[in-house]
Each structure stands twice: as C-alpha cells, then as structure tokens.
Amino acid sequence: GQETRPVEISPDSLWRRYSEFELLRNYLLVTYPFVVVAPLPEKRAEIVWHKLSADNMDPDFVERRRVGLENFLLRLASHPVLCNDKIFYIFLTEADSRLKAMNAAFRVKNPDKRFTELKHYSDELQTVVSQLLRVRARVADRLYGVYKVHGNYGRVFSEWSAIEKEMGDGLQSAGHHMDAYAASVDDILEEEEHYADQLKEYLFYTEALRAVCRKHELTQFELEMAAQDLASKKQQKEELVTGTVRTFSLKGMTSKLFGQETAEQREAKLQVLEQQIEEGEEAVKEKNTESDEFVKTAWLDIEHFKDQKDRDLKEALISYAIMQISRCKKVTRPHRYLKCIEYSACKKGIFCVLLSIPNIS
C-alpha cells in the first residue's frame, strides 16, 4: 500500500469534552446560516420526572448523552454540505480541533450593546426557566408518590369490609374513595404539564434569541473584515504613492533587496489597487446597509417577542396559581365525606375510621 507518515495517521479514538461539541455546532451555525444544524443532546439531566434519574453522573444518563452525541456526529456526516467542512473533518481526526482559536477569531471588535445584553438575557432566562421546571419536576414526583401511596388505603379498606357486617358498606365506600383519590393525581399532573409545556416553549425560545445574536455577530464580523481589508488596500496605495512603508512586509523587504519597482510597474499596481479600493468601498457600503437592515428588522421582531413573552408567561403563571387555589379548595371535600363515614361507624357503637388526606397545595 501507499506509505504514510506517522504524523498523518488518524488516531483510533479521541477525547472530546461536551463544550467542544458546543463549539463545533456554534461554528457550523455561524459558517452555514442557511443550514438547519442538528441539535445536541442535553448537557445536564433537566426537566425529568420520577421515571428518570436527574443525576448527571448516572450511568444511564451518561450513556443516553453519549448516544445523542454520536447521533449528532452521524447527522453532520450525512449532511450534503456539512460533511465536506474541513473543521468538522479535523474535529473527527485530530487531537487539536482548532475550534477554540476559531471561536475567538469570530468575536467582533465593536459589538452592538443591545444584542450583547439580549444574549446575556437569553442565557439568564434559560437558567431561570430551567430551574423552575426542575423544581416543578421534583414537586410532581413527590406529589405523585403521596397520592399513589393512598391507594394502599383502598386495598386495606376493601379487604377489611369483607370481614365486617355492621360497617362493611362504610369501609367499602372509603376504599373506593381512596382508589379514586389515588388515581386523580394523573389528571392533576396532566393539567400541570400543560403549564409546564408553556414554560418549555420559552426555554426553547432562548436558543432562537441566541441564533439572532449569532447572525448579527456574523453580519458585524463581515462588515469589520470588509472595512479592515479596505483600510489595508488604502494603506498599500499610500505606501506605493509616497514610497514609504509603515509596517514590515515581505514586499517591502524584497524592494530593499532587489531594488525599487519601475514607474510602469508602480502605475500598474496603483491601477489595480484603485480598482480594489473602489470595489472595497462598495463592499463596505453593502455590508453597512445589510447590517443596518438586519438590526432594524431583527429589533422590531425582538420587541414583538418581548411583548408576546410577557403576555404569555403572565397568563400561564396566573392560570397555574388559580389552578392551585382551586385544588386547595377541593381538598376539603374528602374530609367532609370521611367525617360522615366516621360518624356512621360511631353511631353503631363500634369505632371510628381514622384517615388522613394531605392538604396538597
């Protein structure tokens, strides 16, 4: 076969941190704004209920995340555009993925303060909503356990009613009521899930906000690169006209070693530079117009989003509070029902049925 140098041999395996996958995806989002880039699996175990562990080190969660990251890479590899990206190939084959350096290179020199603040706000909103959903998941887990454990009452009372003659009907009724009480938690949590879904929607909206910020950064970055290139061409023209070199360059060193260029050569270069400067000025003008139009259009939509977000979240939180208040009022009804059972048993001179139903708020 063909001889290969050791430095060119791809390693059998590479260590990659989750943050490196994030850098790769951010790079692809900026470089290919027209591509729907596959999502990453969640970094932490969030928004889980009683069926799944919330421990980030839980072996099952770690394995699910590994499978999700593998699926992410397979999605990229099967994409007709992304599969040919050089940085993606390096990410798969070289220990130094160069993504951290490239990530720093994409930072703009003069960021728009409004978009910077919006990016920070989206990060904070994601944190707050995630924490709220995690708390809700823990409360739902506890609530589910409390309700379901009362199903044991139903079984015990039904068995007890079979051996009692005087109060058998009362115990049987209590057992049926406890079964219904234990089963009611499913409807309760399903109703709560409706409000949780509204919060989750805005959790996902935070990624959309960051995407707008990334697009603005890319637009600003391209504008700054065009302006920098134009300034460089103007400096080259000035140096060519005056014969002075401000900064060290290979061309300047070559001129000193091999002599100055002829007048015809300088004139030809000057014409090329003037053409490039004219094109550069037009490019900067276009980028300025594109940036201004993007900021104007994006900010109008962001203001619309803010109004929508305030209205939706306010409505969802108020509705959730009303639902909790209504549930607290209903909780007194089982007590009144059970008091009747207790009173019926006491009248027969046997004993009282003592039950406890928690006042879940």
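Guide: Let's start with the words for angles: under 35 degrees counts as roughly parallel, over 145 as roughly antiparallel, 65 to 115 as roughly perpendicular, and the rest as oblique. The angles themselves run from 0 to 180 degrees between N-to-C directions, with axes being lines fitted to C-alpha atoms, for helices over the stretch in contact. Helices (H or I, at least four residues) and strands (E, at least two) are DSSP runs, numbered from the N terminus.

A word on where this comes from: it's a predicted model, so local features need pLDDT of at least 70, side-chain atom pairs count only at pLDDT 80 or more, and totals for chains, interfaces and linings use all residues. Residues are numbered from 1 along each chain as its sequence is written, and side-chain values use heavy atoms, with hydrogens and water left out.

The protein chain has 10 helices and 0 strands. Our close-up is helix α7, residues 168-242, and two of its partners.

Take helix α1 (residues 18-31) to begin with: its axis and that of α7 come within 9 Å and cross at roughly 60°. That angle is why α1 and α7 are called oblique to each other. The crossing is right-handed; for handedness, picture the near helix turned from the far one by less than a right angle, anticlockwise for left-handed and clockwise for right-handed. On the α1 side, R25, N26, L29 and V30 meet E207, R214 and L218 of α7, where contact means heavy atoms within 4.5 Å. By class, that contact has 3 nonpolar, 1 polar and 3 charged residues. Here Ala, Val, Leu, Ile, Met, Phe, Trp, Tyr, Cys and Pro count as nonpolar, Asp, Glu, Lys and Arg as charged, and the others, Gly among them, as polar.

Now for helix α5, residues 113-149: the axes of α5 and α7 also come within 9 Å, but cross at roughly 165°. That makes α5 roughly antiparallel to α7. The crossing of α5 and α7 is left-handed, and their contact brings together 23 nonpolar, 6 polar and 10 charged residues.

One more stop on α7 is E238. With a relative accessible area of 36%, E238 is partly exposed, the class between buried (under 20%) and exposed (over 50%), using a 1.4 Å probe and protein chains only. E238 and L270 are 32 residues apart in sequence and 9.5 Å apart in space, C-alpha to C-alpha.
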